[in-house]
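Hello,

Here is the structure I promised to pass on. My notes follow below it.

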Amino acid sequence: MIEAEIILDTRKKSKNGYPLKIRVYDTKVQKHRYIALKKYQNTKKLRVDAEIAKRERSLQKEIAYCNDNGFNLDISKKLIKNGIPQKQNIMLFEFIEMMLKEKEDREMSLSATETFRTEMENFSDDIPLKHIDYNWVGSYITHKKKSGTGDGGVSHYIRTGSGLFNEAILKGYIESNPFKGHKVKRKRTKPLILPDIEDIRKLVVFEGYGNKVQKANMVRVARSFLFQIHIGGHYFSELANLEEEKFKKGRIVFQRFKNRSKEGGGELVDNMLSDFAKAYIEEYGVWINTPQSERRLKQLRDNYNKTLERISLRLDITPKLNSSMPRYIFRSAGGQSRASEFAIHQLMGHKPQSVSFGYQERLPYDILDAEHQRILDWIFN
């Protein structure tokens with residue numbers, strides 16, 4: 001639930017006085033954000049004048065609007081800062097094309113939105129965006145289920161649609177999100193199967209095959225896969241966005257690429273560099289030029305996965321290796337080695353969801369590093 005109030009920030013007085021701000025609070029994640037009002041007062045007690053009273057009335061409407069639409073903290077802050085948009089008319093396909101253009105201009109990935117556009121074109125004729133309601137979305141879900149689409153696929157389309165329609169609300173085209181409330185629980189139809197630890201260890205001594213360039217590339221990709229495990233089981237996107245300044249005093253410090261759009265950038269990863277990781281950096285450094293767009297990142301990841309597939313065939317590793325597998329390997333080894341659950345979350349850049357973890361500060365280096373080493377020893381020794 002979103003709560004918000006106008007406050008006087010008395011922590012620091014500027015030459016204009018104490019700044020007035022709106023504090024937006026999400027009771028679910030127990031975090032807050034501030035919005036500056038560019039208004040000041042000289043007393044430490046908030047004085048409510050006509051302007052502040054007017055802003056308070058608007059704020060109450062904005063809070064209700066955010067909660068009615070199930071907005072998270074970041075979206076709520078954006079709406080409260082800009083105000084409730086005025087409703088406009090737009091057609092479904094026009095809106096999707098507009099969002100594709102916007103994403104393209106921002107060099108964001110287009111694949112999910114393009115797939116959603118195809119889904120809508122196959123399901124319905126063009127329709128005013130404001131005419132799409134909860135029941136319309138429900139009929140789309142029924143259509144997909146009857147056509148044989150699994151829960152994972154339907155869930156993906158619902159999440160994509162919900163994200164797009166949240167943008168439509170912020171842009172003033174609709175008042176509520178018709179995808180809200182539609183949840184398709186994803187079930188793992190098959191148990192998670194990972195390569196044997198012995199197969200992962202084969203990569204340590206893998207020397208590649210083919211000509212000199214091919215062998216060097218294969219060895220580098222194999223080492224990079226192991227490096228992903230060594231730094232805490234992180235995705236290829238972190239590998240592709242490494243920068244020299246992220247290596248600090250024998251540690252790697254960064255915020256996960258997938259959290260880049262979150263305010264504050266998400267949880268901080270601050271992990272030790274193992275002897276293998278240090279040797280990897282010494283040999284290869286930052287060998288991937290930071291991709292300038294999500295499409296370029298996808299191209300790099302696809303090439304990386306093709307090489308991993310060839311390595312898997314050569315070493316008879318099943319299931320085939322891929323760029324996301326280090327995360328599963330590290331997490332599974334964490335559980336099997338009986339490492340601290342809180343340490344695993346911190347190493348992997350996850351925010352623990354349990355309420356009790358909210359009372360615990362981050363683990364110090366000595367404890368965190370010992371748990372990190374416990375997991376690596378389980379995998380490689």
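Which helices each supply at least two residues of the lining of the second largest pocket? They are helix 8 (212–230) and helix 11 (294–315); helices (H or I, at least four residues) and strands (E, at least two) are DSSP runs, numbered from the N terminus.

Before the rest, a word on the source: this is a predicted model, where local features need pLDDT of at least 70, side-chain atom pairs count only at pLDDT 80 or more, and totals for chains, interfaces and linings use all residues. Residues are numbered from 1 along each chain as its sequence is written, and side-chain values use heavy atoms, without hydrogens and water.

Back to the pocket (on a 1 Å grid over the protein atoms alone, an open set of points where a 1.4 Å probe fits, with protein on both sides within 12 Å along at least five of seven lines; lining residues have an atom within 4 Å of a point). Of its 14 lining residues, N217, W287, L300, N303 and Y304 are the closest to the centre. Helix 11 gives the largest share of the lining, seven residues.

There is also an open sheet of three strands, in the order 1-2-3 with antiparallel pairing; two strands pair if DSSP finds at least two bridges between them. Strand 1 (2–8) and strand 3 (31–41) are the edge strands. Strand 2 (residues 18–26) pairs with strand 3 over eight bridges, and V24 stands opposite R33 in strand 3.

Best wishes
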